[in-house]
Each structure stands twice: as structure tokens, then as C-alpha cells.
Amino acid sequence: MTERREVWITGVGLVTCLGDGLDAAWRHLERGDPPPYDDKSFAPYIVHPLAPIEFDKQIPKKSDQRQMELWQRVGVYAAGLALGDAGIAGKPDLLDRTDMIVAAEGGERDVAADTAILSGVRTAAKPGAFLNERLMSDLRPTLFLAQLPNLLAGNISIVHGVVGSSRTFLGEEAAGVDAVRVARARIAAGQSELTLVGGALHATRWDALLVFEESGALLQGSFAPVWDRGPQGGIALGTMGAFLMLESREHAQARGARARGRILSVCSDRNRRQAGDIEATLRRQWEAIAPQIDRAHAAVISGAAGLEPATSAERVALNDIGLPVRAPGTYIGHGLEAQFMSNLGIACAVLEHGKLSAPTGAGDVGTSPSDLSQVVVTSVGNWRGEGLALVERVG
Amino acid sequence: MAGATRDKLGRPIVAVTGIGVVTSLGVGKSDNWAKLTGGVSGIRCISRFPTDGLKTTIAGAVDEVYRDAMSPAELSERIALIAGEEAIAEAGIGAKGRFPGPLFLAPPPLEIEWADRIRMAEMAAANAGTGYPELMRVAREFAAIHGTFKFGIVGEHLAEHFGTEGSPISLNTACASGASAIQLGIEAIRRGDCEAALAIGADASLTPESLVRFSLLSALSTQNDPPERASKPFSKNRDGFVLAEGAAALVLENLDHARARGAHVLGILEGYGEKSDSFHRTRSSPDGKPIIASMRNALADAGVAPEDVDYINAHGTSTPENDKMEHLGVSAVFGERIRGIPISSNKSMIGHTLTAAGAVEAAFTLLTLQHQRIPPTINHAVPDPAIPLDVVPNVARDATVRRAMSNSFGFGGQNVCLVMAREPT
């Protein structure tokens with residue numbers, strides 16, 4: 001491996017159900033206020049709707065906002081926060097060289113149009129012709145652009161002027177971990193100086209829920225922390241946007257940028273999800289980073305989502321690791337591609353404050369080390385996507 | 001690695017040791033190459049679903065592989081698998097089910113399809129007001145029969161089949177996706193992360209809705225009759241692209257690694273360039289600067305000058321906008337010399353294979369280098385006086401091609417260019 005350079009996080013942008021910005025999320029977690037969730041609108045399913053956001057603050061043109069669906073507005077907003085936090089927003093010379101890796105799935109649909117077509121198609125004399133006709137008349141041209149996975153990145157280019165390069169990774173939690181892994185590897189090897197990496201999810205929509213109800217993955221009934229959802233547990237999707245500015249140490253120091261943390265390592269891998277696979281993968285990844293761990297000052301921010309057997313398997317692995325654990329998923333819900341970046345963002349807040357927030361649920365174990373300086377961020381996806389990152393305070 | 005072969009910028013050299021292709025022209029690269037250089041079109045009337053009420057009724061479908069009721073995910077996976085097997089067999093690398101490197105895949109953006117939504121609605125047996133809550137009620141029962149939908153499923157199945165290493169990466173950069181997959185492979189080998197990588201672009205998303213979506217953006221040709229004449233890149237009467245399916249797989253390998261195991265080197269991926277465009281969601285910046293920058297970045301990354309390029313494999317979609325902008329771009333990068341550089345569009349014959357296009361056309365560019373023969377731009381009956389390029393009109397041409405560039409441009413301001421060459425002696 002060509003690992004020449006340190007990779008810093010110089011900016012974080014996070015919007016969740018906890019509010020606008022990383023600080024809002026941290027304050028909520030620190031206070032231990034109840035998690036905001038909605039168990040009515042999509043009953044019996046539980047979701048975490050986005051907190052009120054003034055999109056105008058990051059997306060000034062209404063014409064731009066109209067060209068996007070919510071997942072894109074949330075992502076573009078969070079990207080703007082990260083660029084601002086890093087001191088890059090509005091600086092064309094830097095934006096011109098800023099690369100981008102977004103993890104997303106797009107696919108946001110017009111539920112009303114779908115419903116109208118479904119209602120008519122089965123009784124139509126010629127179902128194929130009916131479908132064609134209604135699609136031609138009911139689909140909005142702009143909706144297609146809101147469905148394309150790479151149009152979150154495209155809108156970030158348009159709204160914020162990030163034009164170095166742009167790539168979009170697909171495929172749920174694994175896409176989020178791999179986006180960070182590849183972004184970090186490129187910077188470490190000198191293939192990039194500055195990379196904006198992130199993702200976004202619009203959770204409060206039936207078409208998103210349908211995908212996960214197929215595998216029975218959704219939390220139903222009454223809310224519980226991710227660790228306490230039992231064998232019938234599931235994920236409560238959460239609307240969120242999370243972006244990180246990754247930068248080479250040299251580049252950051254030359255422009256006097258602040259380091260929110262340095263990413264020492266990111267691992268991802270796939271397994272077949274046979275019994276014991278999740279634990280084995282996490283153990284292998286942990287062993288790879290363990291020599292760098294300062295146990296007295298380290299903790300875990302877990303990506304646990306409350307889905308079985310993934311969450312119990314992660315719990316077993318975390319017991320072996322033995323560090324204090326917090327799982328923000330209880331509060332912000334599960335953001336699929338965006339979850340890993342959200343948790344890396346929260347890890348930066350943990351490093352900044354030097355402590356963990358209060359525990360919630362049986363798997364949030366251990367007390368916060370004093371002067372916490374290292375955070376291990378985990379990912380165990382809903383069907384794939386085991387990953388691990390190690391982030392450390394700089395200085 | 002002491003004594004390792006490096007490029008001009010001191011990096012490992014990335015060779016291609018295996019190629020596989022599936023398009024509407026056929027299965028396998030020899031069939032494809034024969035038809036491509038024979039000026040044959042793969043564009044036909046759509047037979048997969050009724051086209052009543054659609055403005056465009058033609059496509060470049062992979063009918064040879066399609067079987068009844070295959071979903072875009074299943075068909076994309078199938079053609080990716082066929083292309084991947086051909087490439088790996090040619091490279092003779094690894095063992096069966098054990099490819100010694102990562103997978104970079106450009107699949108179409110997948111979602112639950114109408115066929116499934118309608119099946120679910122039938123299962124729910126609700127007559128009026130069939131909506132998502134009703135679909136939710138039967139989703140698990142439906143999945144038990146038809147399987148669950150996952151966004152990363154094609155990559156997962158391919159990783160399992162080929163036994164690639166690590167987490168498979170699926171990516172999308174719209175119509176540049178196939179080129180981006182190759183680019184990620186080049187980067188991984190240059191970093192020393194791996195000695196080999198499997199890059200695949202595969203798109204089989206011909207459905208009523210995909211056709212309608214592009215139709216509503218006025219992106220498709222509506223000159224349905226005869227189908228094989230519809231795609232006419234760089235012609236004055238061009239009126240849009242023809243939606244098509246296809247797949248290509250490339251085995252990328254560190255040149256030293258390839259030579260050490262005695263592999264036949266098919267070509268070298270010398271460099272890539274990318275540059276995003278912030279002008280508009282579907283249109284290029286009118287000054288062409290991002291397109292120009294992506295080509296210049298590719299030349300710089302390859303460590304070569306515009307004079308070193310003998311052939312350009314155009315993005316050449318046959319839309320009024322793309323072909324005009326591509327002409328503007330190549331004219332700026334290559335100057336007066338562009339009048340003497342052959343530039344042809346495979347899409348005149350195979351249509352626009354969307355997320356696969358960058359990979360399919362990189363494969364054809366490598367075959368051009370290998371065979372020293374340039375595939376034509378067919379249907380070039382009415383030249384556009386505003387585009388005075390040598391588009392290799394209608395008939396293939398033998399030529400000395402030492403180095404070639406392949407362009408890929410996509411919605412969302414995506415621009416990727418690849419520079420390829422013959423094996424250094």
C-alpha cells in the first residue's frame with residue numbers, strides 16, 4: 001500500500017431529526033433528550049423525520065430547490081454545511097480542485113402518480129398501453145432527475161460549485177463505508193488533496209419503506225433503543241444528510257484549516273452472512289486497527305440499526321472489543337448509505353468534547369473515558385456492509 | 001518492487017489482459033467486432049413490451065440474452081456475468097471463482113419495477129385505491145416468491161460468482177459510469193492496493209418507464225422507421241440517442257504482474273481525466289470548459305500531448321447538444337489537427353448503452369488498437385457543416401492507431417476521458 005499521507009477531517013455537515021448541524025445533534029445527545037420519531041404517519045412503521053430546516057440558507061435559489069426532491073435537498077444542504085465548516089465554501093480555487101464521492105440510491109418516486117397508475121392498470125383493457133400512456137402523461141420530467149443517483153452529486157456541483165470530480169457509489173450501507181474508504185485511500189496515496197464525501201436519505205416515504213418491508217427489516221409497533229428491539233426488531237429509517245470534508249494534512253495545514261480528526265483507517269469487507277460471519281468480519285477488521293488503539297482513551301460509535309441478527313452479532317463483537325459503546329441510531333434512525341458518514345460526524349463531536357454522551361439501551365455500555373481521543377466507528381448493514389473506521393483527535 | 005516498470009509519472013502501469021462484450025450486436029467480442037467493423041446496426045423495434053402511445057419504439061436490446069420476464073436487475077447481472085467470464089477466460093487469471101482483485105461495477109440505477117409493483121397489487125387484491133400501504137401488506141409474501149430487492153444485489157452476486165476480493169463497489173456517474181468503473185480500477189492498481197481489478201459496466205434497463213423518462217427530456221430519437229437508421233451521430237439530421245443495453249468487462253492488471261505470469265497484454269490504460277460541470281443538470285456548460293478540462297486532464301495523466309493521439313472514440317450520442325459540444329471540446333483540445341484525427345461513434349451501431357457505455361466503448365477502443373482498424377460512424381448521410389470532423393463515415397478504415405482517447409459524458413455534469421495505447425515495446 002502506498003500510504004504516504006495523513007488524512008484529516010476538516011469539515012462536517014450533518015442534518016438529522018435532531019436538528020440542523022452537528023452541534024444541534026450533539027447537544028441533543030448530550031442532554032439525553034428523548035429520540036424524536038414518528039409512529040403515526042406510516043403506522044405501524046416508525047420513522048425519524050427531518051427536523052425543520054431552512055433550505056434557503058444553503059440552497060438560495062428556489063429554482064434549484066424545485067429541481068430536487070427531499071433527499072437531494074437534504075444532501076445538498078449537508079454538503080454546504082461541510083464545505084462551510086471546512087472553510088471551503090465560496091472559494092472557487094479550492095472548489096475547483098475538490099473531488100466528491102457520494103453514496104446514494106436515488107430512486108425517489110412520485111407516490112401519487114404510482115398509486116393512480118396501479119389503481120387503473122389492472123382493469124385496463126390493454127394494460128401495457130395504459131401504462132405507457134399514463135407514464136407519458138403523469139411523470140414529471142424533473143422527477144427523473146430527482147431519481148438519478150448521481151444527481152445528488154450533480155446538484156452539489158451546481159449549488160456549491162464542487163467541480164473537481166464526482167462519483168456516486170450505490171448499494172446501501174456498504175456504499176457509505178466504501179465511499180469513505182476510497183476517498184481516504186486516494187488522499188493518502190496522493191491521488192486527491194480534498195474530497196467531499198457523504199450521503200443522504202429521505203426516509204419518510206412509502207416507496208423507501210416498501211423496499212425494506214420486503215425483507216421484513218422495518219421496526220413496527222412501539223419504539224425502543226436499537227439494542228432493545230428484540231428478535232422481532234427492525235430498523236427505523238431516518239431522514240438525514242451527512243457530509244465530511246477529507247483533506248491531506250499538508251493541504252489543510254498550508255491553508256490553516258482546523259482538523260476535526262484524522263482518519264487512521266477504514267476497512268470494509270463482504271461476507272455471506274452465514275452464522276458467525278458478521279462477528280468474524282468485525283473481529284478481523286478490529287485486529288487490523290487494534291495496534292493503533294489507545295484503550296484508555298478510546299470508545300466505539302456503533303452503526304447498530306436494531307435489526308436482527310445484525311445487531312446481536314455486532315453486540316457480540318463489541319463485547320470482545322471491550323470499549324465503551326454508544327449507538328446514535330437510537331436517536332437519528334438508520335440512514336443506509338448515509339449512516340456511516342453521520343456516525344463519523346458524531347465521532348468528530350465526541351473528539352471535540354472529549355467524552356461520550358449518556359447511554360441509551362442495553363448495548364450502550366461503559367462510561368466515557370476522560371479525555372477521549374480515539375473513536376472506532378462501526379457499520380453492520382441491513383444485509384451487507386460490515387465496516388470499521390478509526391478516527392483520532394489531532395494535537 | 002525493485003526494478004518495477006513505471007509510467008512517466010512513476011506509477012505502476014495498468015494493462016488490460018481480458019475483454020468481454022455483450023451488446024445488441026451479439027454476445028462476445030469477436031461477433032461484436034465483426035459486426036461493428038462491418039457497419040451493422042443492432043437497433044430494432046422493441047419486442048419486449050407493448051410500445052403503444054410511446055414516441056420512441058426502437059432500442060438496442062440484448063435480445064439474444066433476454067428471457068421472458070427478466071427484470072433489469074436480472075438481465076443486467078446476466079450480461080455482466082457473460083462479459084466478465086469472457087474477460088477472465090481471456091486473461092487466464094486466478095482460478096475459477098477466485099479473481100485476485102476487487103470488482104468495480106457500473107450497474108443501471110435499480111429500483112422496484114412496474115412488473116413487480118403490479119404483481120404486488122394483484123396479490124393485495126385491492127381494487128380501488130391500490131396504493132403503497134396495500135403493497136406494504138403483501139411485500140413479504142411477494143418477496144418470499146420473487147426475492148427481495150436490494151440496491152447492491154447485482155454487485156453482490158457478481159462478487160460471489162467471480163470470487164473477487166473485498167467489498168464490491170457499485171457506482172454511478174450516469175452515462176460515464178462504465179469509464180468511472182475502469183478509472184477506479186486504475187487508481188486501485190496505481191495505489192498498490194491490488195495487482196488486478198475487474199471493471200464491468202452493464203446496463204439492461206429497457207423498460208417502458210426508462211424509455212418514457214428519457215423521452216420526456218426529449219433525449220431520444222423518434223425516427224423509428226427504419227430502426228437501424230435512427231442513431232446518426234454528428235449528422236445534421238440527428239435527433240436524439242437510441243436507448244440500448246450492453247455490458248463490457250475489462251481485466252485490469254499491473255503490467256509487471258501480467259508479464260510475470262506470461263499474460264497476453266491487449267493494451268495499456270495510460271491515463272484518465274475527469275471534470276465536473278456545474279452549469280446545468282442535463283446540459284453542458286456552453287463554453288465546453290469542463291469537457292475540455294476532462295480531456296486535457298486525461299492527456300496530462302497519461303503524460304502525453306494531443307499530437308500523440310491517433311484516434312478518438314467519441315461519446316457521440318446523436319443528440320443535437322452532445323455532438324455539438326463534443327465537437328467544440330475536441331476542437332479546443334486538438335486544435336487544427338482535429339481535422340485529421342479520425343473520431344467515430346460506436347453508438348451509431350449499438351445505440352447508447354447508458355451506464356455501460358464507458359466500458360463498452362473502452363473495450364471497442366482497445367480492439368481498435370489491437371486490430372489497427374477503426375469502426376465507422378454509420379448513418380452518416382447528411383453531414384453537419386457545423387461539425388467538420390473525420391467521423392470515419394459509414395465504412396470501417398484500416399489505420400495506424402498507437403494511442404486513442406475514449407470520451408464519456410453524462411447528466412449531472414459527469415465527464416470522464418480515458419487514454420489507451422498499445423503495449424509498450
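Axes are lines fitted to C-alpha atoms, for helices over the stretch in contact, and the angles between them run from 0 to 180 degrees between N-to-C directions. The model described here in these terms is a predicted one.

On the side of α10(A), the contact is made by W206(A), D207(A), L209(A), L210(A) and E213(A), while α4(B) contributes Y132(B), P133(B), L135(B), M136(B), A139(B) and R140(B). Sorted by class, this contact of α10(A) with α4(B) holds eight nonpolar residues and three charged ones, with no polar residues.

The view may now be widened to the whole meeting of the chains. In total, 64 residues of chain B are in contact with 65 residues of chain A. Several elements of chain B each supply at least two residues of the side that touches chain A: the helices α3 (114-124), α4 (132-146), α5 (153-162), α6 (177-191) and α7 (208-216), together with the strand β6 (169-172). Of these, α4(B) gives the most, with eight residues. By class, the side of chain B that touches chain A comprises 29 nonpolar, 19 polar and 16 charged residues.

Strands also link the chains. Strand β4 of chain A, residues 165-170, is joined to β6(B) by three bridges, and the two strands run antiparallel. Within this pairing, T168(A) has N172(B) as its bridge partner in β6(B).

Chain B itself is divided into domain 1, which spans 16-111 + 151-421, and domain 2, which spans 114-146. Taken over C-alpha atoms, the centres of domain 1 and domain 2 of chain B are separated by 37 Å.

Within chain A, another pair of helices deserves attention. The axes of α3 (residues 70-85) and α8 (residues 151-160) of chain A come within 9 Å and cross at roughly 50°; α3(A) and α8(A) are therefore oblique to each other. The crossing in which α3(A) passes α8(A) is right-handed. From α3(A), the contact draws on W71(A), Q72(A), G75(A), V76(A), A79(A), G80(A) and L83(A), and from α8(A) on L151(A), L152(A), N155(A), I156(A), V159(A) and H160(A). The classes represented in the contact of α3(A) with α8(A) are eight nonpolar and five polar residues, with no charged residues.

How values were computed
Residues are numbered from 1 along each chain as its sequence is written. Chains are lettered from A and ligands numbered from 1 in the order in which they are written. This is a predicted model: local features need pLDDT of at least 70, side-chain atom pairs count only at pLDDT 80 or more; totals for chains, interfaces and linings use all residues. Two residues are in contact if their C-beta atoms, placed from the backbone, lie within 7 Å. Helices (H or I, at least four residues) and strands (E, at least two) are DSSP runs, numbered from the N terminus. Ala, Val, Leu, Ile, Met, Phe, Trp, Tyr, Cys and Pro count as nonpolar, Asp, Glu, Lys and Arg as charged, and the others, Gly among them, as polar. Two strands pair if DSSP finds at least two bridges between them. Domain bounds come from an automatic or database domain assignment. Angles under 35 degrees count as roughly parallel, over 145 as roughly antiparallel, 65 to 115 as roughly perpendicular and the rest as oblique. A crossing is left-handed if the near helix is turned anticlockwise from the far one by less than a right angle, and right-handed if clockwise.
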